[in-house]
Amino acid sequence: MHVVMTLVLALILVPIAAGLVLGVIRLDALRKVVVGVVTLAVFCGTLALAAWPAPVDSGVVPFNHYWLNLGMLLVEIGMGLYVIVVGVRSRRPLIVALMLAQGGLMLWFELTQGPRLEAAHDLFVDNFSLIMALINGVVGGGICLYALGYMREYHEVAHRDVPDRRPFFFALLFVFMGAMFGLVFANNLMWLFLFWEITTLCSFLLIGYTQTPEARRNALRALVMNLAGGLAFALAIVWFHEKADSIELQTLIASKQSLALVPAALLCFAGITKSAQLPFSSWLLGAMVAPTPVSALLHSSTMVKAGVYLVLRMAPAVTGTTVGLMVALVGGVTFVIGSMAAITTSEAKRVLAWSTVANLGLIVLCGGIGTGEAVWAGMLLIVFHAVAKCLLFLCVGVVEHKLHSRDIEAMSGLVVNLPRVAVMMLVGMAGMFLAPFGMLISKWAVLKAVVDASPLLSVFIVFGSSATLFFWVKWMGKLLEVVEPQRRVKGDLALGESIALYGLSAATFLACLFFPLISSRFIEPYVLSVYGQTASLGQGNLLIMTIMMIFVLLFPLSFVWYGRGVKVVDAYLGGANVRSGVGFTGSASQVQEVNLHNYYFRGLLDEAGLSRCGIIGCSIVLAVMAAAAFV
Amino acid sequence: MAGIKQSPWILHYDASSCNGCDIETLACLTPVFDVERLGVINTGNPKHADIFLVTGAVNEQSRDVIRNLYRQMPEPKVVIAIGACAATGGVFRECYNISGGVDSVIPVDVFVPGCAARPEAIIDGVVQALAVLEQRQLDTATAGGSVDQVLYLRAQKSNAPQILALQKAAYQSEAGIYGDEGFPALQQTLEELEDEFDRRPNREASCLGTQETRKDPEKTPNHVVFIKAVVNGRIIGAVRGYAVDDTAYLSRVIVHPYFQGMGIGRRLTEEIETAFPGVKRFEIFTGHRNERNLRQFRKLGYQEFKTEPFTPAIRWIYLQKERK
Amino acid sequence: MISLPFRLLIYLIAGPVVGGLLAGWDRRISARMQSRRGPPIFQPFYDVRKLWQKQSIVVRRSQNFYILFFLLLVIFTGALFFAGSDLLLVIFALTLAAIFFVLGAYKASSPYSFIGAERELIQMMAYEPMILLTAIGMYMVTKSFYVHDIASHATLLVLALPGVFLGFLYTLEIKFRKSPFDLSSSHHAHQELVRGITTEFSGRALALVEIAHWYENVFLLGWVYLFFASSPLLGVAVSLLVFVLVILTDNVFARLKWQTALRSAWVVAAVLGFGNILVLSLLR
């Protein structure tokens, strides 16, 4: 349908155009207007697209293909040259080598194959891409609004030393958003690849935004790893075209397994690098040096979701094979190790990063298993994780600015210092692991899918989820504990920040309350279309989840009876209390302060050691996957 | 209150004991005596405890700890002082670092004597404390659920033992000011105190030859009036007074050390003044070095008018006030 | 078969009674093992009655609300279980309940309740793999996660799930909060942590915690029964025997360090639990 395709094109092109425009706007007020308008437009566009009856469609882009292809080729060449220059200037031969290999391959491919590289449908819309588009538009849009207020405070207050390159920043954010839309709507693998590489480049530029040596180093690491994925992507395209004479995604997915296995394996590899699975997790952890909107948008909600999106797309092609099992193993191991590593650190963004890596691992696990039930669970995970994790990142960003610290230990008593932000953080954290919120539903679905398909993989979920319990609850406890009566910190939120935070909190609740609707409207039709059968949660279970949600919602209401008829005394400090709960008389009559410091398992777990185990283990697994695919 | 007698949970604290009494207390938990039969659990946590068992005399460090622990215990609660040191300071009473028994810090309900107190005696003390606990809960319940509120009521002769114990506890600090324990308040016996309840001062005055000018029997009670301050069923303050002709003679405004500084003494004085509506003048006296009392009385409108020596160390200062 | 509402009613009313009696027997048997006589069997009820009438003392005004929800959700968990619903959902509901308990202790903001809270979390982390593996094991044998399907399975589950059963017993020790795993608080005289997680709760809140533990114990013994559900008498007998075994272990062992507890629980889950599942999936 014409309208649908127009919307799709608009969603891809408008943000990119807006990005280019924002690249030259220096005036903050004008920037706010442009960002606000474009975000609103994107938001409405995505909702319209999702609400459109029967949007599932495939379309041909109504431009002249020759000029379009030439334009894309030039963009690719330009990006490639830029990356090579970067590699040379930073003396990273690996970057140069990877880019040359990748670029050379694609160039050779395009020049030799030329006119035969036609796709019947360049773009398409199905329920899965709609979900991804919704996430990109709604969550991504919220982040762009948030970034307005956040970046102003970033440059004017918190980080005066960082050169103010906000036009560049916002340009990249919107170009990225457009590229993401292109990624999820692309059926032509070449186009997918282009958008994929654009996101890689945006990520590189945004991580290095502050231009400190540490930022540059981490940006380059991200670039290397994503380029490796890109190379695999390019190989996949070439291989598939050689064997099946097609560059269409749908064709790939629908092909016989014997045909599709190798490109699917290569694409899974690309997805694994993009979504920072072990052994490629270090780039995501390093990317946390970037400002918070970058972490939220690229490195938790959207870009890394592109990686798992690709893996889930490949699910029908790898299900039941050794390749699929290996992919699932990578996901499972990453889930366990990521969850355990998150326990050991007290830096808020690092915890969130590890948690992101772990949850993406869970989705990759679903993709590797590849049954209908698993894909259904994986898609649920994508939806809920995007919303909750984004909320958490944005809250941590605000807290970082108000408290001037990223340390979780500094957030003690936040529920009194910054009550609204603290409550939203609690909602976000609950949304990440607690019944009856979304992630729990998804994890439940994963468990069921795994047990049906290959029960042995359940060991990863079982150990990983107990580890996630620990670090979330101790963080929640840290927010709730009030050791010393605190003064309220000046917690004014900028308008954009408020909209984003309140909106995402509402979204966490709504996504959970309406998840049956989301499931039946988007996820189940997709799974049905691919697998011919679908999965869902039983009716009785829905009732029970609703009851639990009511419990959770009733909890704040109980504060109406706030402290009636109770007597407040000090905490028990062996009777040596000096002032209210804060100090006690220690030895030699010295007054000691009460200091509550969470457990980080320092003697038991070691982040570097865990990482190393994971890297070695998953490298072996990936080697086995390669062997299984090519042999 | 149903049930508290069957589930007494204990907080055991060693103020500065030589551990003799502590060993005997813990022996109660052993198979030979097994107080868990009675439902006793030795919790280490004031918030879970009903009975506060204290051994040892009170020194500088344990004074604050005892107050903190006592404050953190929920009502209804009782305090048992175990051993001679906890009762009065024992052999360490005169030491420079000992301020006395436990009742110099918190109100004590049961004293278990001995050095060291035997387990049988300790268990007996616990049983008696349970009776006190039960009675206290009943009193609080009948007073209309007034937890932690100070109630000012007429005292009866049956309250004499508690008032005497309170008197001794309250006057410890006063005696400390003078370095002399010859205070009549500290020397008074139970019989003497009970006699006070029965005294008829007006008749005595008339027997002494003063003209009986009682105009209004209700307005001028002819016996000693005792007023007690009660918190959660325990008496923590008292005052007494009697009237002869147009003057009311008030004495022994006592408040337990733990509850001092909360305006209870002042309220007691005001309450007893209202007990004598017919008199025109109030008279009260205190030791000459007791600055706090003097200040209090002056704030209430009293003025000094007479000084009388009592012992070489103590002089009584008399204050009076006209009714407005 | 007893109808659902009636079953729930029985659970709601008889649950704490049975749980309290079990607690009373626990103290009495422990006392006898220590050559003492021990309190009356109804002592836990006397305790709760006394606690109910004590003054309400808090450190932070909102701390007791968490306990109320802890109790409500534990009751909800048991109700779900005895109503026969999805076992995984039951586990998640129990986790939610336990988290309210832990958050309440965090809210109390005192060192001892804080340590108790962290250790309670470690306990949860220790037993969760095994109970999830138990549910998975039961699914693999009965092809259903629903308790009423598992309960009406024709054969004795423990025959197919011996490893899972043993692992479950190991973690049951943790869930009953008994030595060697009474990491977060203890009913006995262990006072190194003072009262651990329940340090700052008194009066009615503490009574609610007690009652919640009773409901939880009844639910756990019900889960033991599930392993023997096809012969009810044997099931009840084994449940009670398990309870006595738990008491015996409690009196014999000292508390483990939490690192040891966590490691051993995970090793047991991996070896016994996962091993059993591995064997089952190979035999399929």
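A residue counts as buried if 20 or more other C-beta atoms, placed from the backbone, lie within 10 Å of its own, as exposed if 12 or fewer do, and as partly exposed in between. This is a predicted model, in which local features need pLDDT of at least 70 and side-chain atom pairs count only at pLDDT 80 or more, while totals for chains, interfaces and linings use all residues. Residues are numbered from 1 along each chain as its sequence is written, and chains are lettered from A in the order in which they are written.

**Chain A.** Select chain A. Of its 631 residues, 58% are buried. The C-alpha trace spans about 85 × 55 × 50 Å along its principal axes.

**The contact between chains.** Now show both chains. Nine residues of chain B are in contact with seven of chain A (C-beta atoms, placed from the backbone, within 7 Å).

**The sheet in chain B.** Seven strands of chain B form an open, mixed sheet in the order 8-9-10-11-12-14-13 (strands pair if DSSP finds at least two bridges between them). Go to its edges: strand 8 (150–154) and strand 13 (303–309) of chain B each have a single partner strand, so one side of each is left without a neighbour in the sheet.

**Strands 10 and 11.** Select residues 234–244 and 247–255 of chain B, strands 10 and 11. They run antiparallel, joined by seven bridges. Finish at B:R240: its bridge partner in strand 11 of chain B is B:S251.

Note on methods: Two residues are in contact if their C-beta atoms, placed from the backbone, lie within 7 Å. Helices (H or I, at least four residues) and strands (E, at least two) are DSSP runs, numbered from the N terminus.
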